[in-house]
Amino acid sequence: MGGSSAELVSATPEPGWQMQVWKQEAWIRVDFLRGAARTSVICAWNGHPPTVVTDNHAT
């Protein structure tokens, strides 16, 4: 993460987990999925320094 943007360098799921990545100009979202479990990591910098939010939820 820099002062005005961020870049995904790497993301490796644990065995048994799958991963999905979405990238846009002002945000990156990485979801880790296993069965009904999902963990989302979202980094956004739309007009502000990058912030990261993590959310654990069942689907």
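Visitor: Leaving aside its neighbours within four places in sequence, with which residues is Thr39 in contact?

Guide: This is a predicted model, in which local features need pLDDT of at least 70 and side-chain atom pairs count only at pLDDT 80 or more, while totals for chains, interfaces and linings use all residues. Residues are numbered from 1 along each chain as its sequence is written, and side-chain values use heavy atoms, with hydrogens and water left out. Contact means heavy atoms within 4.5 Å. With neighbours within four places in sequence set aside, Thr39 is in contact with Val30, Asp31, Phe32, Thr54, Asp55 and Asn56.

Visitor: Is Thr39 buried or exposed?

Guide: Thr39 belongs to strand E3, residues 37–44. Buried means under 20% relative accessible area, exposed over 50%, and partly exposed in between (1.4 Å probe, protein chains only). Because its relative accessibility is 19%, Thr39 counts as buried.

Visitor: With which side chain does the side chain of Thr39 make a polar contact?

Guide: A polar contact is a pair of N or O atoms within 3.5 Å; within protein, one must be able to donate a hydrogen and the other to accept it, and residues adjacent in sequence count only if both atoms are side-chain atoms. At 2.6 Å, the partner of the Thr39 side chain is that of Asn56.

Visitor: What pattern does the protein follow along the sequence?

Guide: Helices (H or I, at least four residues) and strands (E, at least two) are DSSP runs, numbered from the N terminus. The protein has zero helices and four strands. Along the sequence, the pattern is therefore β-β-β-β.

Visitor: How many bridges join E2 to E3?

Guide: Two strands pair if DSSP finds at least two bridges between them. E1 (residues 18–24) and E2 (residues 27–34) pair in the antiparallel sense over seven bridges. E2 and E3 also run antiparallel, with Val30 bridged to Val41 in E3. The number of bridges joining E2 to E3 is eight.

Visitor: Which residue takes a positive phi in the hairpin of E3 and E4?

Guide: E3 and E4 pair in the antiparallel sense over eight bridges, one of which joins Ser40 to Asp55 in E4. Their hairpin has six residues between the strands. The residue with a positive phi, near 85°, is Gly47.

Visitor: Which side chain joins that of Asp31 in a polar contact?

Guide: Asp31 lies in strand E2. Asp31 is buried, because its relative accessible area is 0%. Apart from neighbours within four places in sequence, Asp31 is in contact with residues including Gln18, Trp22 and Thr39. The polar contact, of 2.9 Å, is with the side chain of Arg38.

Visitor: Over the ring of which residue does the charged end of Arg29 sit?

Guide: A charge sits over a ring if NZ of Lys or CZ of Arg is within 6 Å of the ring centre and within 35 degrees of the ring normal. The charged end of Arg29 is 5.3 Å from the centre of the ring of Trp22.

Visitor: Which residues make up the largest nonpolar core?

Guide: A nonpolar core is a set of buried Ala, Val, Leu, Ile, Met, Phe, Trp, Tyr and Cys residues joined through side-chain atoms within 4.5 Å. Ile28, one of the members, is in contact with residues including Ala6, Cys43 and Trp45. The six residues of the largest core are Ala6, Ala26, Ile28, Val30, Cys43 and Trp45.
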